[in-house]
Amino acid sequence: MREGLKVLVADFGGQYAHLIARRCRELGVYSEIVDPELVGGELERGGVGGVIFSGGPRSVFEPDSPSIDLQPILGKGVPILGICYGHQLLAKLLGGRIEAGRLREYGRTRVEVLEYDKLLEGLPRRVSAWMSHGDAVVEPPPGFRVTSRSESGIVTSMSDEIRKIYSIQFHPEVVHTEHGREILRNFLEKICGIKPWWSPGDRIGEIVEEIRRIVPEGERVICAVSGGVDSMTTAVLVSKAVGDRLYCIFVDHGLMRKGEREGVEKSLRKLGVKNLIIVDARERFLRRLRGVADPEEKRRVVGEEFIRVFEEEASRIPGVRWLAQGTIYPDRIESGRASRKAALIKSHHNVGALPERMNLKLIEPLRDFYKDEVREIARRLGLPDEVVRRHPFPGPGLAVRIIGEVNEEKLEICREANAIVEEELKHSGLYDRVWQGFAVVCNDKWVGVMGDERVEGYIVIVRIVESVDGMTADWHKIDHEVLERISNRITREVPGVTMVAYAATSKPPSTIEPC
């Protein structure tokens, strides 16, 4: 068994590519997502113990469908695992037979193991697996043996153990596939021979040393902090690396959670961050948001105004050459920066124009980590529990939890309702068991009766979801008594609300935040 080797995930555009990477990390092996054409170069640099070909939305029969040069991988003797599209691509490149539209299989499908190899070792004879494909492998390439088939008879796994090439039609990375974790562990440990070695918390020293190495002595760094675990962890990491050459800027745009500003100041002072600048820009942001209803326009306005305020404050600090941001992997994925094949889902305020506008070099120490990994790092750094455990919060703040135009009344309703949701989740012991819980203020109103009088008030939607990394999420099946307490408190304690509803939609098809 070898330590310190990583696994490359060649991204063919599949919706689960990043889930494959997450699963490998959970199993103690560091993984990186790369474009297929870059795999050869990564192999030359060394330190690669295996390559996984992801799924993808295309057909291998399309003339411009993505492909990969196998020779650098085979020449190095590095094990390969193909998944879904990767399974079909391996069959095509190595001389197997695929049939277009042979049998479309979506969702759970029964798979029968015919022969055991290292990949399927320890699995039962019959497994429920998650499928999502139209084309199918019907004959394996020369030198391969079929190790399993689906109920319909298609090849669901095959292997050439001499060349260490394995492939499966189904998705072991999704929770719907039984024993999927064991399949990936078999590939990493028994086939690649990689001993579990990677833990996010163990990388702190490396991150700090990397920052020290790239930031020359005497140059200063600025960092925007919001109160969330990402920006706070970034600030502490950079502070450890450059000391009092770090200047943290907290822009209070009036769109924060209740008590956010006071909490940020208290936490950063306690953790030894010396230079903290707090800017009160509440009126300025509300003025810019007046009349803006489109969600992407709100994100743009908040992001643009944030840049202006940040630029003004940064210009007052001499010797600033670097900008530290709390960008994490999902931010880069949804903003289309992680891969050329990634689609833009929504804009993130901390993934954009700051470096270009300010002519600063960028430091993103958490750029390759998922949220739960950032929390592990934060715990190791000694961040307060309330920061580490705090639910994710959008960069544009409560502006994107308000449907339609943002005004003072809706903003106050949103802030108070959000506080109630969080308080009740903590009171019921649910806060640490769910990914995120919050309240959304709708633009429409609902007729109510209060004090025997007819009134019109806003509709508040409560959204609580379960997730691991924020890439996918399921709505939480909340206990009715907890929901009743939340609803009663919001309608009683928050003026202007006459209706509370509960969001029962997963991601996908919905996103977690409303806009």
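Colleague: At what angle do the axes of helix H7 and helix H13 cross?

Modeller: Axes here are lines fitted to C-alpha atoms, for helices over the stretch in contact, and angles run from 0 to 180 degrees between N-to-C directions. Helices (H or I, at least four residues) and strands (E, at least two) are DSSP runs, numbered from the N terminus. In this predicted model, local features need pLDDT of at least 70 and side-chain atom pairs count only at pLDDT 80 or more, while totals for chains, interfaces and linings use all residues. Residues are numbered from 1 along each chain as its sequence is written, and side-chain values use heavy atoms, with hydrogens and water left out. Now the case itself: the axes of H7 (residues 229-242) and H13 (residues 371-381) cross at roughly 45° and come within 10 Å.

Colleague: How are H7 and H13 oriented to each other?

Modeller: Angles under 35 degrees count as roughly parallel, over 145 as roughly antiparallel, 65 to 115 as roughly perpendicular and the rest as oblique. H7 and H13 are therefore oblique to each other.

Colleague: Is the crossing of H7 and H13 left-handed or right-handed?

Modeller: A crossing is left-handed if the near helix is turned anticlockwise from the far one by less than a right angle, and right-handed if clockwise. H7 passes H13 in a left-handed crossing.

Colleague: Which residues of H7 meet H13?

Modeller: Contact means heavy atoms within 4.5 Å. On the H7 side, Val-229, Asp-230, Thr-233, Val-236, Leu-237 and Lys-240 meet H13, where the partners are Lys-371, Val-374, Ile-377, Ala-378 and Leu-381. For the residue classes, Ala, Val, Leu, Ile, Met, Phe, Trp, Tyr, Cys and Pro count as nonpolar, Asp, Glu, Lys and Arg as charged, and the others, Gly among them, as polar. The contact of H7 with H13 has seven nonpolar residues, one polar and three charged.

Colleague: Why do residues three or four places apart point the same way?

Modeller: An α-helix has 3.6 residues a turn, so residues three or four places apart point the same way.

Colleague: How do the axes of H15 and H16 cross?

Modeller: Helix H15 (residues 408-427) and helix H16 (residues 480-493) have axes that come within 10 Å and cross at roughly 145°. Their crossing is right-handed. Among the residues making the contact are Ala-417 and Ile-420 of H15 and Arg-485 and Ile-486 of H16. This contact of H15 with H16 divides into five nonpolar, one polar and five charged residues.

Colleague: In what order do the five strands of the open sheet lie?

Modeller: Two strands pair if DSSP finds at least two bridges between them. Here the order is E14-E13-E12-E15-E16, with parallel pairing. Strand E14 (275-280) and strand E16 (361-363) are the edge strands, each pairing on one side only. From one strand to the next, the twist averages 30°. Within the sheet, E12 (residues 220-224) and E13 (residues 246-252) pair over four bridges, and Cys-223 has Cys-248 in E13 as its bridge partner.

Colleague: Is Glu-305 buried or exposed?

Modeller: Buried means under 20% relative accessible area, exposed over 50%, partly exposed in between (1.4 Å probe, protein chains only). Glu-305 lies in helix H10 (residues 295-314) and counts as buried, at 3% relative accessibility. Not counting residues up to four places away in sequence, Glu-305 touches Arg-284, Phe-285 and Arg-288.

Colleague: How many residues of helix H4 are buried?

Modeller: Seven of the nine residues of H4 (residues 85-93) are buried, so this helix is largely enclosed by the rest of the structure. The buried residues include Tyr-85, His-87 and Leu-90. Just after H4, Gly-95 takes a positive phi of about 100°.
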